[in-house]
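Hello,

Here is the structure you asked about. Please open it alongside this note, and then read on for what I found.

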Amino acid sequence: MKKHFLKRVSWFLVLTMLVSIFSGFSTPKKVKAAEMVGAGDIIRNNTFDGGVGLPWHVVETFPASADFSIEGGKYNITINNRGTERWDVQFRHRGLTIERGHTYTVKFTVSATKDCKIYPKIGDQGEPYDEYWNYNMNWDFVELRANTPVTITQEFTMNQATKNNCEFAFHLGGTECATSPLPYTITFDDIYVLDPNFPGYPAEEEEPTNEIRVNQEGYYPKTEKKATLVSSSNSPVTWNLVDGSGRTVESGSTKVMGFDKASGDNVHIIDFSSFETEGRNYRLISGSFESMPFNIGKDIYSQMKYDAMKYFYHNRSGIEIKLPYCEESQWARPAGHPNDVMVPDPTKDYKANYSLDVTGGWYDAGDHGKYVVNGGISTWTVMNQYERALYYGDTSVAPFADNTLNIPESGNGYPDILDESRYNVELLLKMQVPSGSLKGMAHHKAHDERWTALAVPPHMDEMDRYLQPPSTAATLNLAAVAAQASRLWEEYDSAFAAKCLAAAESAWDAAVANPNIFAPMEQGPGGGAYGDDYVEDEFYWAACELFITTGAAKYENYLKSSKHYLEMPSNLVGGEALGLTGCFDWGNTAGLGTISLALVPNNLSSSEVTMAKANIKAAADDFLNIASGQGYGVPIEESPIGDGLVGYPWGSNSFVANIAIVMAYAYDFSGNKEVKYLNGATSAMDYLMGRNPLVQCYITGYGENPAENPHHRFWCYQADNTFPKAPAGILVGGPNSGLQDPWVKGSGWRPGDRPAQKCYMDNIESWSTNEITINWNAPLAWVAAYLDEQGPKVGGGIIVTPEFGDVNGDGLIDALDFATLKRYILSPGTTDIIFDNTDLNVDGFIDAIDFASLKKMLLK
């Protein structure tokens, strides 16, 4: 609700309403404390007490590797591979300001289990990497003797201009530092950079803890509306719904749920679905507890469907991102990798003598990789959003129609959403092997030789980039998506459609000839693993898409013989999934094929299509049953995620969003009669929008407490404030019980110690919980557009052609409408009206002009 507002009500009521609004309503949100902390020392954490290391953290550059632990108030770093340069292993504290004319005292204690050296320095955390202090101010190393603690104390004065974005870093790698056989451990304690003139840091903003958790954007008037109250009471408690003026408009009692394992909370459910009056800044109150404000209206996701799709333009590779398409100048940047020609990675077993120009496409995530397996499901989801609109929705509105997304292709006569998806389809086509025994196969991915650092945007990425070996999974992703693109583009660009189909069929033939070329599970440098050693689901998906597009018997025969035929899973096993609650993801794609068979007219019998739809509804029922047992209404539950852990997987929010797509199709396939499915989809979004134990809206730019610091190389304001913050409409990965990144571990969090839904940190360094990717934003865009279409229609709550004058929506225009409008104008919020029917002059206001117009209408 920070970003968007409902229609205004009445110009002559504004003055009288202002007094009541400002006297009766205060927004519960983050409050910055006025006091300062840490005066006299620019280091935020000196002693590592309580197992907390942040903001100190360990950084490794491949092939270097290190482990760390925080025990007994000491930070222990074990060097396993020293790498090649001293900075390949670093222990650092960033975000420091070194002020001109200030004198600093540097002090720290360090020891090691074997003889070695360390290089300490205070300087720029990025280019030009100037140093303002190093040991003895002579670029010296500190020499350590085994098991002998050393305390260093030195002073320096900053003689240069004040510099922000500095770091205190200890370089521990390379042959210069690692002078003894590995492994060995270096231990740090009592680290200070004293400055008597430093006033301290402002106390950190307190995260909201509102005990009543709601969707922070709001609810549709006639869909289910639920909130969660954290309470230890074993009996129902009373709740009140108040409007923006603080007036109670509805009351009730909670339903006791008790202990909710996934959140660790004792919870009650507040169900206020019976209240249907549109309005702004409603709050739920129970005793001394209250929720954040929210709206009830028909445009909850009207802007989000646009913002979520805009993510893909922002992350295009190969072209300049510029105004007016990027919306604001802060998000403009030069073209990243405008000549992205790569050869196969020479360090891998696959050997081939060719190069591919893979310029273009979408960057996969916060890094600069391009992955076919992740690009596959992402592109399919975007195109499926359009394909569904062809048969069940409206392609004349955003984001489907031409000139609705404000992208470079807008105005070319083609649907904007197809133009955007085509930008990545063309990349996938470029990833095919051009010659040799594996001709027609697709390279699994393409990326930098090593991970780039934060604050290295794509146009500044100078690393060598390589094609990774082909895989059967990638090849089948290409076959499926290219076949889907072919049928969608046939109407608009038959030549491109033919090119896509030729690529799809050659990819299928190549995969059939090479069915067991699996991507490794192990992650190498520079890119995610995306390992997958089970591809029967990809074969089924590709066969479905090719069969729908061509009708060919060979594809029909294959899909009907597949164990996945007409399947919609509710539990995923295969690839990296070990039994996760879910319907599909990048490594489990069978459900995508079944959706296409159920949606798009094809040569299956009517009974087979009916079975596909029934299986989709059955999966939706499974997810509804799961959600009903969860304290926060989320349709996933804790599952095995590896390493003996049971909890939420990496990117758990994407599982929620994908499940909402299945709920949406179940609603479509019920003829829009079984509203439980639509309510299931809205409930899934409620969780993502703030009805969760962290009171966190997991979508940037939305809600009172939005995610602000996703892991991204360009949208990295938190790491370097010369870069922009992220735009609105981006879904972060969310709770991840694996807690793999050093940042969350440095906070003292350990895998298995925290409830699943509380394994999230809104920090740019937390790549395991705050990553963003194309395959997570695609379902967000899908669901936001779907709900914007279907949410207002429930219960007849939307009239496509306004019946002007039928204020109360009873099908008549009479004295009852006149009386209803009079009551509404005198006391807004107490009387239900049909807004579009009542706005007689269509100016976006309900006011005296509309009242006079209705009077004239009745007199005539």
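Is Ser 111 buried or exposed? This is a predicted model, so treat every value below as computed from it. Ser 111 is buried: its relative accessible area is 16%, and under 20% counts as buried. The residue lies in strand β6, which covers residues 103-112. Setting aside neighbours within four places in sequence, Ser 111 is in contact with Leu 144, Thr 148 and Pro 149, and also with Thr 185, Ile 186 and Thr 187.

Next, helix α8.

This helix runs over residues 536-550. It has 15 residues. From first C-alpha to last, α8 reaches 21 Å, close to the 21 Å expected at 1.5 Å a residue. Gly 551 follows α8, and its phi is positive, near 75°.

α8 is mostly covered, with 12 of its 15 residues buried. Among the buried ones are Phe 539, Ala 542, Ala 543 and Leu 546. The cover over the buried residues includes α4 (372-392), α6 (472-489), α7 (494-513), α9 (553-561) and α10.

How do α8 and α10 pack? Helix α10 spans residues 590-599, and the two axes lie 7 Å apart at an angle of about 20°. Angles under 35 degrees count as roughly parallel, so α8 and α10 are roughly parallel to each other. α8 passes α10 in a left-handed crossing.

Here are the residues that meet. From α8 they are Asp 537, Tyr 540, Trp 541, Cys 544, Glu 545, Phe 547 and Ile 548. From α10 they are Ala 590, Leu 592, Gly 593, Thr 594, Ser 596 and Leu 597. By class, this contact has 8 nonpolar, 3 polar and 2 charged residues. Asp 537 and Glu 545 in α8 take part in this contact, and both are also buried.

One more helix pair is worth a look.

Helix α13 (residues 675-688) and helix α15 (residues 774-790) cross at roughly 130°, and their axes come within 11 Å. That angle makes α13 oblique to α15. α13 passes α15 in a left-handed crossing. On the α13 side, Leu 678, Ala 681, Thr 682 and Met 685 make the contact. They meet Leu 780, Val 783, Tyr 786, Leu 787 and Gln 790 in α15. The contact of α13 with α15 divides into 7 nonpolar and 2 polar residues, with no charged ones.

Best wishes

Conventions:
Residues are numbered from 1 along each chain as its sequence is written. This is a predicted model: local features need pLDDT of at least 70, side-chain atom pairs count only at pLDDT 80 or more; totals for chains, interfaces and linings use all residues. Side-chain values use heavy atoms; hydrogens and water are left out. Axes are lines fitted to C-alpha atoms, for helices over the stretch in contact, and angles run from 0 to 180 degrees between N-to-C directions. Helices (H or I, at least four residues) and strands (E, at least two) are DSSP runs, numbered from the N terminus. Angles under 35 degrees count as roughly parallel, over 145 as roughly antiparallel, 65 to 115 as roughly perpendicular and the rest as oblique. A crossing is left-handed if the near helix is turned anticlockwise from the far one by less than a right angle, and right-handed if clockwise. Contact means heavy atoms within 4.5 Å. Ala, Val, Leu, Ile, Met, Phe, Trp, Tyr, Cys and Pro count as nonpolar, Asp, Glu, Lys and Arg as charged, and the others, Gly among them, as polar. Buried means under 20% relative accessible area, exposed over 50%, partly exposed in between (1.4 Å probe, protein chains only). The expected span of a helix is 1.5 Å times one less than its number of residues.
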